[in-house]
Amino acid sequence: MKRIIARVWKLIRGPLQWRVLWFAHAKFMIGVTGVVRNEEGEILLLKHRMWPADRPWGLPTGYAVKSEELPKTIVREVQEETGLEVVPGRLVQVTSGYKLRVEIAYEALHVGGTLKIDKFEILEAKWFSPDALPEGVQESHVQLVKAGSTGQTGQTGETGQTGPMGPMM
């Protein structure tokens with residue numbers, strides 16, 4: 001049976017193979033989070049309107065759009081949510097296991113722009129010392145700030161229901 005399948009696979013080369021693979025495999029959303037720092041080393045945190053009231057603070061986050069380079073996702077999301085300009089830096093973490101979601105976190109450096117929050121999604125934006133984060137920060141985001149501060153990078157597997165992108169809806 002395996003030989004027959006292998007022969008058929010070789011015969012259907014090209015776009016048909018890709019369609020078969022597309023139907024046979026899981027589809028994932030790609031979430032991107034930014035550990036954004038300013039020149040003083042402070043971290044940008046956003047108070048998210050749609051997150052739980054006891055955990056509203058977190059890093060800038062968003063989903064990659066089709067064909068978007070992942071580091072550019074955080075540049076776009078920070079600009080959309082805050083009006084600030086950032087330059088993406090090193091990869092901090094790649095995480096999977098949140099149902100059909102893969103999450104990627106990058107460091108980013110604030111380089112300009114004027115703070116103007118997107119009032120639909122964001123209630124407030126502030127800079128914090130990594131050692132003095134406010135109450136109500138997503139635990140996964142606290143870990144990303146720590147990982148970014150120590151220069152650690154990581155890949156993790158399934159770790160629960162809350163990922164770098166925030167709470168599961």
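Figure 1. Val8 belongs to helix α1, which spans residues 2–11; helices (H or I, at least four residues) and strands (E, at least two) are DSSP runs, numbered from the N terminus. The model is predicted: local features need pLDDT of at least 70, side-chain atom pairs count only at pLDDT 80 or more, and totals for chains, interfaces and linings use all residues. Residues are numbered from 1 along each chain as its sequence is written, and side-chain values use heavy atoms, with hydrogens and water left out. Val8 counts as partly exposed because its relative accessibility is 44%; buried means under 20% relative accessible area, exposed over 50%, and partly exposed in between (1.4 Å probe, protein chains only). Together with Met1, Ile4 and Ile5, Val8 makes a nonpolar surface patch of about 450 Å². Such patches consist of residues with over 30% relative accessible area and no salt bridge, with like charges joined within 9 Å and nonpolar side chains (Val, Leu, Ile, Met, Phe, Trp, Tyr) within 5 Å.

**Figure 2. The chain as a whole.** The protein chain holds four helices and ten strands. Of its 169 residues, 38% are buried. The accessible surface of the chain comes to about 10,300 Å², and 58% of this belongs to carbon and sulfur atoms; accessible areas come from the Shrake-Rupley method with a 1.4 Å probe, and for residues only the protein chains shown count as cover.

**Figure 3. Nonpolar cores.** A nonpolar core is a set of buried Ala, Val, Leu, Ile, Met, Phe, Trp, Tyr and Cys residues joined through side-chain atoms within 4.5 Å. The largest such core has 15 residues, and those with the most contacts inside it are Val36, Leu44, Leu46, Val78, Val86 and Ala125. Two or more residues come from each of β1 (29–37), β2 (43–48), α3, β5 (84–95), β6 (101–113) and β7. Strand β6 gives the largest share, four residues. A second, separate core of 13 residues includes Trp57, Val92, Ala105 and Val137.

**Figure 4. Pro71 in helix α3.** Pro71 lies in helix α3 and counts as partly exposed because its relative accessibility is 27%. Leaving aside neighbours within four places in sequence, Pro71 is in contact (heavy atoms within 4.5 Å) with Pro88 and Tyr106. The C-alpha atoms of Pro71 and Leu91 are 8.6 Å apart, although 20 residues separate the two along the chain.

Figure 5. Ser67 is found in the loop between β4 (61–63) and α3 (70–82). Although not a glycine, Ser67 has a positive phi of about 70 degrees. Most residues other than glycine have a negative phi. Ser67 is exposed because its relative accessible area is 73%.

**Figure 6. Salt bridges.** A salt bridge is a side-chain nitrogen of Lys or Arg within 4 Å of a carboxyl oxygen of Asp or Glu, and by this rule the count comes to eight. Glu68, Arg76, Glu77 and Glu80 are linked in a network. Within the pair of Arg76 and Glu77, the closest N and O atoms are 2.9 Å apart; Arg76 is partly exposed, with a relative accessible area of 21%, whereas Glu77 is buried, at 7%. Glu103 and Arg101 also form a salt bridge, with the closest N and O atoms 2.6 Å apart, and both residues are buried.
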